[in-house]
Amino acid sequence: CTFSISNNYCNPRGTWCKPGDCVKNALMNVGSGPIIYQLLGPCKIFKEITASDYRDWNCQELQNWLKNELESDSGVELENWAEKEANLSRIIKQVLKCDLHKSNSLDTVILLPTDSLVSSLCLEAACKDLKRQLVLSRALGCSFYMIDPKRFSSLVLREEFLREALSATGVNSVIVSKSLI
Ligand SMILES: C[S@@+](CC[C@H](N)C(=O)[O-])C[C@H]1O[C@@H](n2cnc3c(N)ncnc32)[C@H](O)[C@@H]1O
């Protein structure tokens, strides 16, 4: 998710940027789905998060959640979980349509490069083969996942492949947990 910047341009927040600029303390989440659990941890660290997904419905669900969350943030004392949600909703700056199969995944939207990218169960859902991938995954060995009652395919990934692919691209750390399936 890096975007080449050849000219000065105005980013979605309306500020002018130039080649080489980078958003500090920012995180891009690809394939967010209609859910937020994968962002509850990062929101303690990052100042802004961009969520994105291929499906319009998922983007809309996140937009709806953001809207409700912001409206309900009225200063009333919140339970711990609700506080986390409210905090996250302030840090998610935008929800964008994203198709990782496209060379410019965000279509006409141009984003500055961010510090971090999170793919939680997304790349293996989007890809049908191992060509041209940088994979960050926690679904080792999974060939499918279930959203009751429907079954979706998942590309089978092995730890050795992941380590080689990441080291070849210069990534020096990765957290891998074994699949429970
Ligand atoms: C298994 S869900 C993971 C959702 C969430 N990130 C999580 O950790 O539970 C896979 C997500 O990837 C998205 N996705 C599939 N193909 C995609 C593509 N080509 N570009 C972007 N997102 C895609 C799906 O719409 C779905 O929301």
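Helices here are DSSP runs of H or I with at least four residues, strands are runs of E with at least two, and both are numbered from the N terminus. This is a predicted model.

**Whole protein.** The order of elements is β-β-β-α-β-α-α-β-β-α-β-β-α, which comes to five helices and eight strands. Next, colour by burial: of the 181 residues in the protein, 20% are buried. Then turn to the contacts between residues at least 6 apart in sequence; 58% of these join residues at least 24 apart.

**Ligand.** Select the ligand and the residues around it. How many residues surround the ligand? There are 20, and the closest are Gly31, Gly33, Tyr54, Ser120 and Ala126.

**Domains.** Colour residues 1–120 as domain 1 and residues 121–181 as domain 2. Each domain supplies at least three residues to the shell around the ligand.

**Confidence.** Finally, colour by pLDDT. The mean for the protein is 77, and 71% of its residues reach 70 or more. Select residues 1–14, where the pLDDT is below 50. In the model this stretch has 23 contacts beyond near neighbours in sequence. For the model as a whole, the scores are ipTM 0.98 and pTM 0.73.

Note on methods. Residues are numbered from 1 along each chain as its sequence is written. This is a predicted model: local features need pLDDT of at least 70, side-chain atom pairs count only at pLDDT 80 or more; totals for chains, interfaces and linings use all residues. A residue is buried if 20 or more other C-beta atoms lie within 10 Å of its own, exposed if 12 or fewer, and partly exposed in between; C-beta atoms are placed from the backbone. Two residues are in contact if their C-beta atoms, placed from the backbone, lie within 7 Å. A residue is near a molecule or strand if its C-beta atom, placed from the backbone, lies within 6 Å of it. Domain bounds come from an automatic or database domain assignment. pLDDT is the predictor's confidence in each residue, from 0 to 100.
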